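Thanks for coming, everyone. Please keep it in view while I talk.

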Amino acid sequence: MKGDQYLLLPGPTPIPERVIRAMSKPVVNHRGSEFKQLLTEVTEGVKRVYRTNQHLLIYPASGTGALEAAVVNFLSPGDKVLAVSIGVFGDRFAKIAAEFGAQVEKMDFAWGEAADPQRIKERLDQDVNREIKAILVTHNETSTGVFNDMQAISAARGDHPALLMVDAISGLAVLDLKMDEWNLDVVVSGSQKAFMIPPGLCFMAFSERALQRHKEAKMPRFYWDISSGLKYLEKGQNPYTPAVSLYYGLSEALQMMQEEGLDNIIERHRGYRDMVRTSVRAMGLKLLARDENASHALTAVVAPEEIGANKIRKYMLDQFNIVLAGGQQSLDNVIFRIGHLGYVRELDLLAALAALEITLQKLGWDVQLGAGVSKAQEFLLNKAKKGE
Ligand SMILES: Cc1ncc(COP(=O)(O)O)c(C=O)c1O
């Protein structure tokens with residue numbers, strides 16, 4: 001029996017039953033009082049996850065929509081932008097800015113590495129005329145399983161006036177992120193990651209400083225325009241028809257997140273990361289990210305060259321109904337990615353690790369059954385002993 005699929009992707013993630021039930025409620029008038037209450041409540045709830053008291057808008061789109069919203073609302077064609085990239089999604093943010101006419105300067109780091117805040121600082125120090133208008137950075141690079149230290153990058157910006165724009169689509173509520181305390185100006189995120197709801201909503205929070213810049217920003221925009229978004233939000237509405245059912249799901253998911261507590265959620269994900277890394281290493285496999293910057297959201301595992309990552313993924317899917325993500329672009333067939341964010345339990349990961357050992361042995365890798373699983377078990381036992 002194949003049973004339910006184990007969706008261990010770094011998004012979309014499994015959806016809790018509570019959220020599924022909440023989304024099945026009848027749709028209400030999106031210009032009526034019930035929706036007003038729902039919108040106000042979820043907007044405040046998502047702001048708490050961002051740890052911000054500033055502005056936040058919700059759009060019916062996948063995360064990339066919010067990246068575009070960030071670019072078009074706060075920049076003008078010809079603006080100089082420093083795009084820090086450590087992988088596929090950093091490149092995407094840069095590409096969007098370039099498409100809309102920004103003068104993009106890329107600062108690339110090797111895939112698998114985190115951005116070096118010192119290099120960012122040095123570049124900004126050279127910008128004596130303060131021409132750089134924004135710095136684009138990925139909080140958690142989903143293509144490599146590496147996170148950037150946003151607090152250190154914000155400190156590296158210092159008093160340079162460039163807006164710090166952060167793609168936290170897969171990082172928010174998985175890794176620490178304190179938008180206001182760390183002076184982040186624009187932070188975008190998506191529903192299908194730690195928020196545990198289906199794809200289709202994205203969030204963009206922005207600082208008061210960013211809002212002031214918006215007033216002079218001239219990039220073409222219509223659907224994403226925060227001026228109309230904010231105007232309608234005051235009335236408890238969206239400018240255009242919102243994805244009402246997803247808002248029900250979001251409301252329930254926020255309730256679940258509040259019950260667990262944001263700090264506990266982040267700690268839980270840290271535990272997943274540590275458990276998976278220690279287990280995979282004991283299977284004799286290499287990890288793409290170093291320990292210091294290894295994501296809480298996913299683990300990128302380097303497949304044995306003689307087997308290839310895609311064969312491993314196929315076997316896991318065919319035999320165990322476990323879905324793992326592949327590598328993107330140059331990492332295709334080189335790595336596979338185990339997603340461990342959102343509504344994932346330790347038990348799911350334990351099962352996936354056991355299945356991985358069987359898969360590896362079947363495909364000819366010299367691994368003793370139990371080598372990695374026992375490490376994960378020890379990890380969980382130690383945690384239980386500490387009473388965590
Ligand atoms: C860090 C990051 N940025 C951007 C995106 C793009 O989001 P979407 O596919 O929801 O448009 C993703 C999706 O995986 C992501 O992980």
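Start with Arg281. Leaving out residues up to four places away in sequence, Arg281 touches Leu287 and Asp291. Touching, or contact, means heavy atoms within 4.5 Å. Arg281 sits in helix H10. A word on those labels: helices (H or I, at least four residues) and strands (E, at least two) are DSSP runs, numbered from the N terminus. Val301 is 20 residues from Arg281 in sequence, and their C-alpha atoms are 9.2 Å apart in space.

Two housekeeping points. This is a predicted model, so local features need pLDDT of at least 70 and side-chain atom pairs count only at pLDDT 80 or more, while totals for chains, interfaces and linings use all residues. Residues are numbered from 1 along each chain as its sequence is written, and side-chain values use heavy atoms, with hydrogens and water left out.

Next, His340. Where is His340? Look in the loop between strand E14 (335-339) and helix H12 (346-362). His340 is buried, because its relative accessible area is 0%. What does it touch? Setting aside neighbours within four places in sequence, the contacts of His340 include His269, Tyr272, Arg273, Val276 and Leu349. His296 and Thr299 are also among them. The His340 side chain reaches the backbone oxygen of His296 at 2.9 Å. With Thr299, there is a side-chain to side-chain polar contact of 2.7 Å. A polar contact is a pair of N or O atoms within 3.5 Å; within protein, one must be able to donate a hydrogen and the other to accept it, and residues adjacent in sequence count only if both atoms are side-chain atoms. And Arg273? It is 67 residues from His340 in sequence, but 7.5 Å away in space, C-alpha to C-alpha.

Stay with helix H12 for Thr359. Thr359 counts as buried, because its relative accessibility is 0%. Its side chain has a polar atom 2.7 Å from the backbone oxygen of Ala355. Not counting residues up to four places away in sequence, Thr359 touches Ile312, Tyr315, Met316 and Phe320.

Now the ligand. How many residues surround the ligand? The count is 13, and the closest are Ser62, Thr64, Thr142, Asp167 and Lys193. The shell divides into two nonpolar, eight polar and three charged residues. In that scheme, Ala, Val, Leu, Ile, Met, Phe, Trp, Tyr, Cys and Pro are nonpolar, Asp, Glu, Lys and Arg are charged, and the others, Gly among them, are polar. Helix H3 (63-74) and helix H4 (88-99) each supply at least two residues of the shell. Some distances. An oxygen atom of the ligand is 2.5 Å from a side-chain N or O atom of Ser62. For Thr64, the distance from a ligand oxygen to a side-chain N or O atom is 2.5 Å. For Gln192, it is 2.7 Å. On its own, the ligand has 390 Å² of accessible area, and the protein covers 87% of that. Areas come from the Shrake-Rupley method with a 1.4 Å probe; for residues, only the protein chains shown count as cover.

Back to H4. Its twelve residues should span 16 Å at 1.5 Å a residue, and the end C-alpha atoms are 16 Å apart, which agrees. The expected span is 1.5 Å times one less than the number of residues. Which residues of H4 are buried? They are Val88, Phe89, Gly90, Phe93, Ala94, Ile96 and Ala97. Their cover includes H3, strand E3 (80-85), strand E4 (103-108) and strand E5 (132-138). After H4 comes Gly101, with a positive phi near 95 degrees.

Last stop: Ser154, in helix H6 (residues 150-157). Ser154 is buried, because its relative accessible area is 8%. Beyond residues up to four places away in sequence, Ser154 touches Leu164, Trp182, Asn183 and Leu184.

Notes. Buried means under 20% relative accessible area, exposed over 50%, partly exposed in between (1.4 Å probe, protein chains only). A residue is near a molecule or strand if one of its heavy atoms lies within 4 Å of it.
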